Amino acid sequence: MLTLKFLGATGTVTGSKYLLRHGDQQVLVDCGLFQGYKQLRLRNWDAFPVLPAAIRSVVLTHAHLDHSGFLPVLVSAGFRGKVYCTEATRDLCHILLPDSGRLLEEEALYANRHNYSKHKPALPLYSEADALRALEHLVAVPVGHEFALAPGMTARLQLAGHILGAASVSLECEGRRILFSGDVGRPNDPIMRPPTALGAFDYLVVESTYGDRCHEASDPRARLADIISKTAARGGVTVIPSFAVGRAQELLHEIGQLKRAGAIPAALPVYLNSPMAVDATRLYMKHHGQHRLDEQACRALGHVAHIVNSVEESMALNRRQTPMVIIAASGMATGGRVLHHLKAFAGDARNTILFAGFQAAGTRGARLLAGETSVKIHGEYYPVRARIEMIGNLSAHADADEIMDWLARAPAAPRQCFVTHGEPAAADALRRRIGERLQWPCRVPEYLEEVVLD
């Protein structure tokens, strides 16, 4: 009997984990962190629903922490198998996971130093050392090549756009093929190539981040220019919370184009305050076949912004009172250096906090976009007087129409489609659209639900 258990990404866009069980063999697809609401984040600390040592292998769709960030916990709890992924995902995990461990350690130290945690002492979910141990389990597999996950179970990765290395996973067991979409990229993304066309499958697990909406048709570059220019004209600072992988590179590309076109002041300082984003940008040269940028454009990314290397340089930015643009992680303002910039600049009406991607429910980004007049950071509340802006169509996720167009090219209907990785309204909206337009049997699973794949 083959079963599928949903250990995450149900009712939320975070914590992506899917457990396939065939006899005594167990395989995990994705191993992501829960983020956003506290009740979701607390799941990261719960005992894992299955014994980690009993899991034969893991396969990752991509490197973002909501898909890979729980690996250090899984390994520390006893997982000893291999973690399969594309080469680019492996390279990015070598950047993202140790950085995540460092940030978690720094946050725990900060909480203890300033005595704002309820836990005495506050402890990190995992450390940089834990992350480095997890990296030893990563195995890169070629895109499009079949590989064994467990006895009687094989898989194949196909590129999905979204970010470097992102892939859909086609998994086969006893003649049944299950496709996990991962995060689906956009067909006309300015940097990433479109997702690979679908092959045949019996079951589908599809993301629904934008399942209830479509990206605006307006030009995001023009809007980016307008926001940055108007903020600078007011004498203000534009702070852009950004994911270090994918979003930071697109922002650098767009800002570079705007400066060359004279759409924003050429002399306006731009700072990339994310060492991880700097390292990730270098990988665009190594994996040039997965995106649209040529060698010259890849090199240009490294010259758009001043690189902030040290904590002292980061702190010095907060003392500046002149117009500038600061790009810093994390993208949903859940952690990282951007929190210190929010503390410094959110209280000034001349400034702008610009979000350039999806904000999961319960994150600081979502709360700021909802109009909250103060933001809690490191145990204290800070007033929000800066303008809060959003450019949704810079997203690396396919919208509802783009997902439907991708699915419509499937050679045949599946036996069952499961809609995951979306807020409840988005997941249900995509479920309805798939059922009405494609006539596929479709449902939204619950957290920890287990289904039999006949």
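This is a predicted model: local features need pLDDT of at least 70, side-chain atom pairs count only at pLDDT 80 or more; totals for chains, interfaces and linings use all residues.

The entries below record what I looked up, topic by topic.

**Entry 1**

**Entry 2**

I looked up the strand order and found an open sheet of 7 strands, running β6-β5-β4-β3-β2-β1-β22, with mixed pairing. I then asked which strands form its edges. They are β6 (138-140) and β22 (450-452), each of which pairs on one side only. From one strand to the next, the twist averages 25°.

I followed the pairing strand by strand. Strand β3 (residues 25-29) runs parallel to strand β4 (residues 57-59), and 3 bridges join them. Val-29 has Val-59 of β4 as its bridge partner. Val-59 in turn stands opposite Tyr-84 in β5, and β4 and β5 are parallel and joined by 3 bridges. The pairing of β5 with β6 is also in the parallel sense, over 3 bridges. There I found Cys-85 opposite Ala-140 in β6.

Helix α4 (residues 87-114) packs on it and touches β5 (82-85) and β6. The direction of α4 makes about 145° with that of β6.

As background, I record that strands of a sheet pair through backbone hydrogen bonds, in either a parallel or an antiparallel way.

I found another open sheet of 7 strands, with the order β7-β8-β9-β10-β11-β20-β21 and mixed pairing. Its edge strands are β7 (147-150) and β21 (442-443), and each pairs on one side only.

I examined the β21 end. Strand β20 (residues 416-420) pairs with β21 in the parallel sense over 2 bridges. Phe-418 stands opposite Arg-443 in β21. I then asked which strands helix α14 lies across. Helix α14 (residues 424-438) lies across β11 (203-207), β20 and β21, and runs at about 155° to β20.

**Entry 1. Helices α7 and α8**

I looked up how these helices are placed. The axes of helix α7 (residues 247-261) and helix α8 (residues 275-286) come within 9 Å and cross at roughly 75°. I therefore describe α7 and α8 as roughly perpendicular to each other, since angles of 65 to 115 degrees count as such.

I listed the residues that meet. From α7 they are Ala-248, Gln-249 and Leu-252, and from α8 they are Ala-277, Ala-280, Thr-281 and Tyr-284. By class, this contact has 5 nonpolar and 2 polar residues, with no charged ones.

**Entry 2. Cavities**

I asked how many cavities of 30 Å³ or more there are. The count is 3.

The largest cavity has a volume of about 70 Å³. It is lined by 13 residues, and Tyr-18, Ser-181, Gly-182, Glu-207 and Thr-420 are the closest to its centre. β11 gives the most to this lining, with 3 residues. The classes in the lining of the largest cavity are 4 nonpolar, 6 polar and 3 charged.

The second largest cavity has a volume of about 50 Å³. Among the residues that line it are His-162, Asp-189, Arg-247, Glu-250 and Tyr-284. The lining of the second largest cavity divides into 4 nonpolar, 2 polar and 3 charged residues.

**Entry 3. A pocket**

I turned to the second largest pocket, which holds about 210 Å³ of space. I asked which of its lining residues lie nearest its centre. Of 13 lining residues, these are Tyr-210, Arg-213, His-215, Met-390 and Gly-392. The lining of this pocket has 6 nonpolar, 4 polar and 3 charged residues.

**Entry 4. Backbone details**

I looked for cis peptide bonds. One joins Lys-120 and Pro-121, with omega about 0°. Pro-121 is in the loop between α4 and α5 (128-135). Another cis bond runs from Ala-329 to Ser-330, with omega near 10°. Ser-330 lies in the loop between β15 (324-328) and α11 (338-345).

I also checked phi at Asp-30. The angle is near 70°, a positive value in a residue other than glycine. Asp-30 lies in the loop between β3 and α1 (38-41).

Note on methods:
Residues are numbered from 1 along each chain as its sequence is written. Side-chain values use heavy atoms; hydrogens and water are left out. Axes are lines fitted to C-alpha atoms, for helices over the stretch in contact, and angles run from 0 to 180 degrees between N-to-C directions. Helices (H or I, at least four residues) and strands (E, at least two) are DSSP runs, numbered from the N terminus. Angles under 35 degrees count as roughly parallel, over 145 as roughly antiparallel, 65 to 115 as roughly perpendicular and the rest as oblique. Contact means heavy atoms within 4.5 Å. Ala, Val, Leu, Ile, Met, Phe, Trp, Tyr, Cys and Pro count as nonpolar, Asp, Glu, Lys and Arg as charged, and the others, Gly among them, as polar. On a 1 Å grid over the protein atoms alone, a cavity is a set of points where a 1.4 Å probe fits but cannot get out, and a pocket is an open set with protein on both sides within 12 Å along at least five of seven lines; lining residues have an atom within 4 Å of a point. Grid points are joined across faces, edges and corners, and a volume is the space filled by probe spheres set on the points. Two strands pair if DSSP finds at least two bridges between them.
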